[in-house]
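Please look over the notes below alongside the structure. They cover the ligand site and then some of the charged pairs.

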Amino acid sequence: MRVPLAALLAVALPLAAAPAAAPAAASAAAPAKIALGSVIPAPVEVHPGGPDFRLTKGTVIEAPATALNVARRLAEALRPATGYSLPIVAHAPRGASVISLATGAVGARLGSEGYRLGVRASEVTVRANGNAGLFAGVQTLRQLLPAAIDASTRQHARWAVPGGDIVDYPRFAYRGAMLDEARHFHPPDDVKRYIDEISRFKVNYLHLHLADDQGWRIQIDSWPRLTEIGGAPGTGVDGVGGGYLTKAQYRDLVRYAADRYITIVPEIDMPGHVNAAQVAYPELTCDGVAPPPRTDTDVGYSSLCIGKEITYKFVEDVIRELAAMTPGPYLHIGGDEAQATTPADYLTFEQRVLPLVAKYGKTAYGWNEIAAAPAASTAVAQYWGLDTSNATLAAAVTHGTKVVMSPANLAYLDQKYNPDTPIGLDWAGFIEVRTAYDWDPGTLLSDVPASAVLGVEAPLWSETLRKMDDIEFLAFPRLAAIAELGWSRTHDWDSFRSRLGAYGPRWDAQGVDFYRSTQIDWAS
Ligand code: NGO
């Protein structure tokens, strides 16, 4: 049964005004029934009602050829735990149990990432203007099935989806996560796992911090010693680990992310944070002498030589090669903590280098310090400060600079949760789940209007991270909080807290070692 769209719209209520679903009584035999709105990030409109849909061994996935990629992602997500074949078909047979994916004009309001989800007794429909929207709808659908759906082996469960309708679309266009590959190199399979995990929360950008004082993690053909030396074993913090991405591995990651509607943003940090490059190529220092390799966690001591022409040949070669292997719109050129560069030199450098990014067809992106340079008017500045105003950034915004919000005391995933957290840093403060959730990216900076804010990003620096488990422990659950700030228009701690508590068993089923904050009542 399909409900006419007009009928749906007639009863449309914002989520906050929707009547709260009655809490389901827990019983030993059946887990608590999932409420239609128990989704992270919170959808725009939720209209519960009507019978559940049952996923059975006869269910088919119906999708046009143009949406095959999304259909495959959905089938991959549902097959292991159900053990069902869930064939993908162009047209479902009459009367079949079907999950139907369809693109078409579903309204400008939904944009490229919004979707409509309808759940009826024999049919689930996901409709969107394009595949990114369908994929977002599929992530919602996954959260409406019992948590056991996330197990990698066959489970016995009643695979029901609560009846009703959801209309959903994002608040901000940019919802990012960042992973520091430089301080500790995380191999491609770990990055892929992280992509899978963040894509569940409708994150659509993954920023990779690919070079820093300790190591250089991306192959650059015109400067091969960058990775021969800067990516060698022992170039991680404390001499632990090393490694780098070949161009083929990077391109494979770009594709893997794109298949999950995530755009990779590569970062090469400059003019500071360049010790590894200078170890490999001493001509990049002013005196031509190679500095010693460094695997400690100090910052602010290295700088490219602003007055030397070879600096700009190096920078342009790197930007050109990086742009050529990056289909996404952004190229991040760092710019933070340039304490070893004089302010005048910093401006000279940025005025020359910001336009180079545009020369290779990309939008320049940098940490908020780049806002001091007039050429940043066409760039994106990533705010990582601790304050609630920033005059330099505010001035740049009046000239056109756009802003991504990553305040270190709220959005940094590498900061400890509390003094007892075994890994992580604490220079920006402890960040419990509620702290990560309780702010608004559109209004945090009093002198930057919300209209200049492209979105939000949660950076995960890796000074203290060694393995995948460490990534997951620091990222989850806080990444889910930041993702909700980026996607949802409603902001309600009690609601988030209860949806997050219900999400815990999903991370358990996935084998994700998340932090069990005592602020949350975790379902078991
Ligand atoms: C700072 C610094 C990084 C550190 C990070 C650790 C920025 C933009 N620069 O953030 O080099 O790794 O803190 O939290």
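1. The shell around the ligand in this predicted model is made up of 7 nonpolar, 2 polar and 5 charged residues. In total 14 residues surround the ligand, and the closest are Arg183, Asp336, Asp414, Trp427 and Glu463.

2. For Asp336, a polar side-chain atom is 2.7 Å from a ligand nitrogen. Trp427 has a side-chain N or O atom 2.8 Å from an oxygen atom of the ligand, and for Gln415 a polar side-chain atom lies 3.4 Å from a ligand oxygen. Of the 350 Å² of accessible area that the ligand has on its own, the protein covers 98%.

3. Side chains of opposite charge can pair when their charged atoms come close. The whole structure holds 30 salt bridges. Among the residues involved, Asp180, Arg183, Asp212 and Glu463 are linked in a network.

4. Asp252 is partly exposed, at 28% relative accessible area.

5. Lys359 pairs with Glu316, with 2.6 Å between the closest N and O atoms. Lys359 is in helix 9 and Glu316 in helix 8, so this pair ties together parts 43 residues apart in sequence. Lys359 is exposed, with a relative accessible area of 55%.

6. Arg499 lies in helix 15 and Glu484 in helix 14, so the pair ties together parts that are 15 residues apart in sequence.

How values were computed:
Residues are numbered from 1 along each chain as its sequence is written. This is a predicted model: local features need pLDDT of at least 70, side-chain atom pairs count only at pLDDT 80 or more; totals for chains, interfaces and linings use all residues. Side-chain values use heavy atoms; hydrogens and water are left out. A residue is near a molecule or strand if one of its heavy atoms lies within 4 Å of it. A polar contact is a pair of N or O atoms within 3.5 Å; within protein, one must be able to donate a hydrogen and the other to accept it, and residues adjacent in sequence count only if both atoms are side-chain atoms. Accessible areas come from the Shrake-Rupley method with a 1.4 Å probe; for residues, only the protein chains shown count as cover. Ala, Val, Leu, Ile, Met, Phe, Trp, Tyr, Cys and Pro count as nonpolar, Asp, Glu, Lys and Arg as charged, and the others, Gly among them, as polar. A salt bridge is a side-chain nitrogen of Lys or Arg within 4 Å of a carboxyl oxygen of Asp or Glu. Buried means under 20% relative accessible area, exposed over 50%, partly exposed in between (1.4 Å probe, protein chains only). Helices (H or I, at least four residues) and strands (E, at least two) are DSSP runs, numbered from the N terminus.
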